[in-house]
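Work through the exercises below with the model open. Try each task before reading its solution.

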Amino acid sequence: MNRKKIKHITKYRLFWPIVCLILVLLFNLIKTPTFFKVSINSNGVLYGYIIDIINRSSELIILAVGMTLCVASSAGTDISVGATMAVAGAVCCSILGSGEAYNAPYFVGILGALLVAVLCGAWNGFLVAKLKIQPMVATLILFTAGRGIAQLITGGNILYIKVDNFKYLGSTLPHVPVPTPIFVAIGVVILTYLLLKKTALNMYIQSVGINSKASRLLGLNSTLIIFLTYMFCGLCAGIAGVIATSRIYSIDANNVGLNLELDAILAVALGGNSLGGGKFSLAGSVIGAITIQALSTSLYAMGVSADQLPVYKAVVVILIVTLQSPEFKKFVNHQKQKRVEKIGEKVA
Amino acid sequence: MEKEKNIVLSMRHIYKNFPGVVALSDVDFTLRSGEIHALMGENGAGKSTLIKVLTGVEEFETGEVRTDGKADLVISRSPQEAQKHGISTVYQEVNLCPNLSVAENIFIGREPMKFGRINWKAMNVKAKELLDSLNIEIDVTRALENYSVAIQQMVAIARAVDISAKVLILDEPTSSLDESEIRKLFGVMKKLKERGTGIVFVTHFLEQVYEVCDRITVLRNGRLVGEYEVDNLPRVQLVAKMMGKEFDDLASIKKSCSNQAENVETEKVIDARGLGHTGTIKPFDLAVHKGEVIGLSGLLGSGRSELAKVIYGADKADAGSVYMKGKKLVLKAPIDAMKVGMAFCPENRKEEGIIADLSVRENMILALQAKRGMFHLINKKEQEELTDRYIDILQVKTASRETPIKQLSGGNQQKVILGRWLMTNPEFLILDEPTRGIDVGTKTEIQKLVVKLASEGMSVMFISSEIEEMLRTVNRMAILRDGRKVGELVEEELSQDNIMNAIAGGGEVE
Amino acid sequence: MNIAKKTKEKLDGNNFLLMITILLFFALYLAGMFAFHEKGFGKPQVFLNLFISNAGLLIAAAGMTMVLITGGIDISIGSVIGMTCMLLAWMMEKKGISAGASIVIVLIVGTVFGLVQGFLIAYLKIQPFIVTLAGMFFARGMTAIISKDMITITNETFLRMAGEKINFNFITTYNKKGMAIHPYIYVSVIIAIIVFILIFLFLKYTKFGRSIYAVGGNEQSALLMGLNVRRIKLRVYVMNGFLAALAGFVFCLNSSGGFVEQARGFEMEAIASSVIGGTLLTGGVGNVIGSLFGVLIKGTIESIITFQGTLSSWWTKIAIAALLCFFIVMQSLFAAVKKKK
């Protein structure tokens, strides 16, 4: 009976993602007893490992949300999100200008950035949904060109924004103890969740992702739905790009969001979502994103440099996908069966 | 029986269990050289399991398999091993590589070599000879994808025969071929038969069995019913043996709604005028009245499904227009047709019907949801009530409404799809091969349902390859040939002979 | 009449794209010669420089073409090349290992890397994109673990190998001072061309080569036709690992050193070259001749931008992306037309 219960729990979609996260956190706790300690620094801002992890994972969470929908609807990944972040950041900074005062109001810069990001997403969506090009291939185009375009926009320079309030988005608002990116990330997740749950979009995306032909025949506009998910993914990348730019109050087209597309895909996979499309869990992806950041932070804490970090990430990824792989599970089950048979023989 | 000399394959007392199901139980099968042997049975009879066991895709639990009349037991653990034992299979979906040339497809893995490199010249010559010997004349250097499914299938047969000529299994080879292609295939089969190959022929089509086969082995519920000489087994008996019950049940639904026929002159629900889609269906006129079941008959590839798809807007019409109750429709996508009360159950259930990973509930509710629109989510409670109601009405056998549809049997999946459309409360329901590949019981249920729906005022378009089934259900029949509507038959003209004549192009109905 | 029909048949779809690629290369090159005639674009050496500066890419693109034909992808090669350079430099400079031994070791490392990736892809059936994504992370991180600082190679044997010119004495041009000079190539180009020819022959004339196409065409069918699909895939990734290391070695001959960020994004150049050369990303179709032209087109664009002088380097990226876009869209259109038929 008890065993059955345990089995039931392990079958729960989010079981393994949560276990992963807990393992990483436990490891940290053992390594750094003060891990969960949160205090307030002299500026009246919360700080501590946990806050840092969540803060730093904000962009990744936002990207992962967009990526999850792309993966679900089209069984493909959008590898251009990092480049789109750079483009969005470049647009924002070039609208605002690097003078003592903004060339245009702050929100115009952000709106412009988001608009361009949505356009990037729409371009990807057009290639994937309308021209039916494999997603990875279609987004490869923007992946290759994106940073070039960003550099074109900035004229190849690193643009610094000198106005103080530009930093708010990437750090903290005055008198608010929690870093702003956390609010943005939570906002994006909640809004996306509501959008999915209060409309039929959730069901539509899964349906299209599982069988787009059948979905069309039962009245869904598969093309439009896939297109929308890519556009949404672009929007998410734009938001992430603006935050990332604000964090360093400058745009460095070569480095903003570098390799983040890879982290975002990882987050989706770590969250227990199949990269083959169809059923998905937004919460899983969010947990995945936090897990990745927690892992990075703890490795930094252990003295691993940023350059070396990918080695550990790679090992973790391979472990996780291996454990998830049906072939591996088959192998394990086979071994189990063998053991049971052996015991059976002994008893006999 | 054991004394027979020319036995190329004998299977004795084969048992195979799947979790919870006995798939094969004490099945015997014997194949002699130079015979075409039909393997018949309804869905779930164990045909495909037997083939899988034979070709090494599945392992059997107990039993004996021998080839060539030898005493040694043969065990195949993979298709490759089976091939070594002289057993080759050609499947319904052509299992070749479309990107490679015809010659390569025949010789891949065993290419003729010269000086340690592939001898392309020799390979092409050999391939040409092999195909010529089967009366197939094509350019073997072109990529396979340039040829029709029929040719591809024959290339697959050529490959199989070239590897081992003893036992050839043809698993539903004719289901995607047209009449002339089937002729050609039969020609090849007869040729191989003359050469002494034993052919196992799996098919649903009775006519074909009686045309080419020498013997029939019938399975039912995983058990052997018997082996018969074709000449000694009339069709009716074959059907009875396959079904294990008499025909009465099927006959009883013979149009209880014939009274509707008198109302033929009532309102035209659907009126297609000059509707056409380049390349698939030539412009046609077709009217469907209220409470009428109209059948579409014709050979595969004659444009039946295509006609339905144009009316439904799944293929956008490029000529003519559709009127519904006198109102002209603009159909850009299926949703437009749904909004005016059409529904469409597609032919290919797996690829165009079910959303495999979603639950029964979601599969049922989706069409209604699509009709209502993205922002008008049907609330959970209503979804559940609707689903439960239709599970009940249609007698869907499922563990729960949240079970993924892929876990259901074919017949139950079909019922879920039907439920999906009935939920939208359509005025015009298109059913494209709704009974294909499902068990006889469910088949009858669906036929009864169609008749009942029509008697309640729904207009139904019924497409089926089985003329008998159509005769039992339709009031009127449109005949199609080569992408063209060639005529209509009404009530009193509906008979097997008339239909056959019309399909074959007798000319009277034109 | 028959010939016309035949040529038309031969020209359909993918061959047509390859034609476009080849024509495009010549058009670009002629345009370059025309526009920058005074600057010497027409000199033979400029053409040979295409090979010299892209020797590594040539090898990598050949390997990538094989992987793409199976229907897979390998995005780890840029990092593997970076790691190879760093490892070579580190072994020779910090550990005093001889050049020959170092080269053998990096080739083995590359092969083992390919073996692990291939095992995960072929036997555990994990998506190639994910596996090689991890491989990419891993190799790049390893590079940083070997050394965070740049290591410049001073090993004499290695530098001699790198600097060994092969002069084409039968062609003579004159420089501005009127001195006779012969166009030349480096050893790296010879290696790249040999590898290229070998892979071409391998894909066309061996059973294994053809089975790669079969796997890419339809994996299920290949399996039923008795091919050992897993082993074929494993071997392709192993070969690609080896080729990536070899490309790294050739790359290192040009760069004479190792640093963490070396060859970043190289995998995308290889994929782009392959795709521009007519390889279908869906698998089953492609050949190295096309990839050769893909590489040459990329090289020509770079040369033109260098000769032009005022355009920034990111224009190369944008131009490559535009080409990539064009070819990908064309591929999908051809596929759609084929399907309709």
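**Exercise 1.** Into which domains is chain B divided?

*Solution.* The model is predicted. Chain B has domain 1 (7-249), domain 2 (263-341 + 427-435 + 455-510) and domain 3 (348-425). Next, take domains 2 and 3 of chain B. Their C-alpha centres lie 26 Å apart. The contact takes 5 residues from domain 2 of chain B and 6 residues from domain 3 of chain B. On the domain 2 side, helix H11 (residues 334-339) of chain B gives the largest share, 3 residues. That side divides into 4 nonpolar residues, no polar and 1 charged.

**Exercise 2.** Determine whether strand E8 (residues 167-171) of chain B is enclosed, and find its strand partners.

*Solution.* Start with burial. A residue is buried if 20 or more other C-beta atoms lie within 10 Å of its own. In E8(B), 5 of the 5 residues are buried, so the strand is largely enclosed by the rest of the structure. Then pair the strands. Strand E5 (residues 87-90) of chain B runs parallel to E8(B), joined by 4 bridges. Here Val90(B) has Leu170(B) as its bridge partner. Strand E9 (residues 198-202) of chain B is also parallel to E8(B), with 5 bridges. Gly198(B) in E9(B) stands opposite Val167(B).

**Exercise 3.** Which helix gives the most to the side of chain A that touches chain C?

*Solution.* Count first: 36 residues of chain A are in contact with 36 residues of chain C. Helices giving two or more residues to the chain A side include H7 (135-154) and H15 (326-347) of chain A. H7(A) gives the most, with 12 residues. The chain A side divides into 22 nonpolar, 9 polar and 5 charged residues.

Note on methods. Residues numbered from 1 in each chain as written. Chains lettered and ligands numbered in written order. Predicted model: local features only at pLDDT ≥ 70, side-chain atom pairs only at ≥ 80, totals over all residues. Domains from an automatic or database assignment. Contact = placed C-beta atoms within 7 Å. Nonpolar A, V, L, I, M, F, W, Y, C, P; charged D, E, K, R; others polar. Buried ≥ 20, exposed ≤ 12 C-beta atoms within 10 Å, placed from the backbone. Pairing = 2+ DSSP bridges.
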